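Please open the model in a viewer and keep the selection panel at hand.

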Amino acid sequence: MNSGKNNKASIITVQRADFGRVSVLFGEKSGKYPDGNQVLIRGTDTRAAFDTPIVSNYIGAEFDATELVVMGHVHEDHMAGLHRLPEAEVHVHEADLPSARSWEGLVAAFGMTSEQRIEQTLKKFQRDFFYAPRPDAQGYQDGACWELGGSTVRAFHMPGHTAGHCVLLVEPEGVAFIGDIDLTGFGPYYGDACSNLGDFRRTLARLPDIPAKVWVTSHHRGVYTDREHFLNDLAAFAAKIDQREQRLLDLLSESPKTLEQLVEQRLLYPAGFNAAWVTDAETRTISQHLAELTANGRVIMDQPGIYRLGN
């Protein structure tokens with residue numbers, strides 16, 4: 001594990017965008033996973049950061065001066081710079097707090113059960129993301145505010161991706177860090193044990209109501225300054241949920257199927273992509289869609305474990 005300052009910081013130029021006291025420093029390919037985009041706020045009293053992606057290791061003194069980290073949610077790619085800030089306060093929504101405080105908490109949030117996979121994943125996270133838990137992390141709730149001096153951060157609980165996922169709004173700049181509501185072509189991800197499809201639907205419906213002028217994603221898209229562009233991409237992102245639902249209905253229209261058979265057909269990932277997490281993520285994602293569809297009668301399970309279209 002890298003426990004010191006990364007010496008590459010002095011030789012890598014990180015692209016940025018500035019909005020008053022708020023700066024966005026872009027990770028590789030606009031923060032495409034495994035990297036992310038770093039938000040820093042220069043309050044007159046407190047210097048704060050939202051999450052700590054891989055790029056935070058290459059920023060240098062500007063990042064290392066951070067006194068407060070407010071996590072929008074907890075995943076390995078958002079913790080990659082915490083090892084550089086041992087003295088900073090780390091604040092996490094209370095629903096994601098166990099994930100920040102211990103490896104066991106993060107494993108539970110992912111829903112991993114294979115001991116071999118757990119051990120392999122820990123080694124990968126330590127190698128690729130400088131992973132280290134923060135047992136000192138503090139919990140916050142929906143509506144929490146942090147006065148930084150000249151700028152205020154307000155948290156909006158927007159669950160679905162994780163149980164504690166939040167949007168963080170900086171005022172008066174009007175910059176909203178929307179985290180892993182990342183508006184990518186992949187669409188919403190709700191395949192962890194702590195994810196929730198219904199919550200994600202409600203989150204996407206509420207997001208336009210946040211009084212922002214700038215929207216920053218953790219990954220890939222980066223910064224939006226045009227509301228119409230933001231809303232169009234948000235609509236396309238949200239539409240992925242209904243497209244997945246229709247895909248399931250189309251598969252069941254061919255013949256009744258078990259959950260295992262539907263997982264084999266894939267809803268999220270292309271055939272042939274067999275990363276360790278894929279089967280679990282597909283299973284949890286499809287299960288949530290099936291639960292919605294059976295609740296409204298569009299799908300029926302009239303034999304144990306076998307799903308068919310409703311009448």
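Begin with helix 6 and helix 9, which are roughly perpendicular to each other, because angles of 65 to 115 degrees are counted as such. In this predicted model, the axes of helix 6 (residues 197-206) and helix 9 cross at roughly 80° and come within 9 Å. Display the side chains at the crossing: helix 6 contributes L197, G198 and R201, which meet Q288, H289 and E292 of helix 9. By class, this contact of helix 6 with helix 9 comprises one nonpolar, three polar and two charged residues.

On the helix 7 side, select I241, R244, E245, L248, L249 and L252; their counterparts on helix 9 are I286, H289, L290, E292 and L293. The residues of this contact of helix 7 with helix 9 are seven nonpolar, one polar and three charged.

Next, turn to the largest pocket, which holds about 1100 Å³ of space. Which elements give two or more residues to the lining of the largest pocket? They are helix 5 (115-129) and helix 9 (278-295). Helix 5 gives the most, with six residues. Colouring the lining of the largest pocket by class shows 12 nonpolar, 10 polar and 10 charged residues.

Move on to the second largest pocket, whose volume is about 170 Å³. To display its lining, select I12, T13, V14, Q15, F26, G27, E28, D35, V55 and Y58. Five of the lining residues of the second largest pocket are nonpolar, three are polar and two are charged.

Finally, colour the chain by pLDDT. The average over the chain is 95, and 96% of the residues score at least 70. Where does pLDDT stay under 50? Select residues 1-11: pLDDT stays under 50 there, and the model has 20 contacts beyond four places in sequence for this stretch. Where pLDDT is low, predicted coordinates should not be read in detail.

Notes. Residues numbered from 1 in each chain as written. Heavy atoms only, no water. pLDDT = per-residue confidence, 0-100. Contact = heavy atoms within 4.5 Å. 1 Å grid on protein atoms, 1.4 Å probe; cavity = no way out; pocket = protein on both sides within 12 Å on 5 of 7 lines; lining within 4 Å. Points joined across faces, edges and corners; volume = space filled by probe spheres on them. Helix = DSSP H or I, 4+ residues; strand = E, 2+ residues; numbered from the N terminus. Nonpolar A, V, L, I, M, F, W, Y, C, P; charged D, E, K, R; others polar. Axes fitted to C-alpha atoms, helices over the stretch in contact; angles between N-to-C directions. Parallel < 35°, antiparallel > 145°, perpendicular 65-115°, else oblique.
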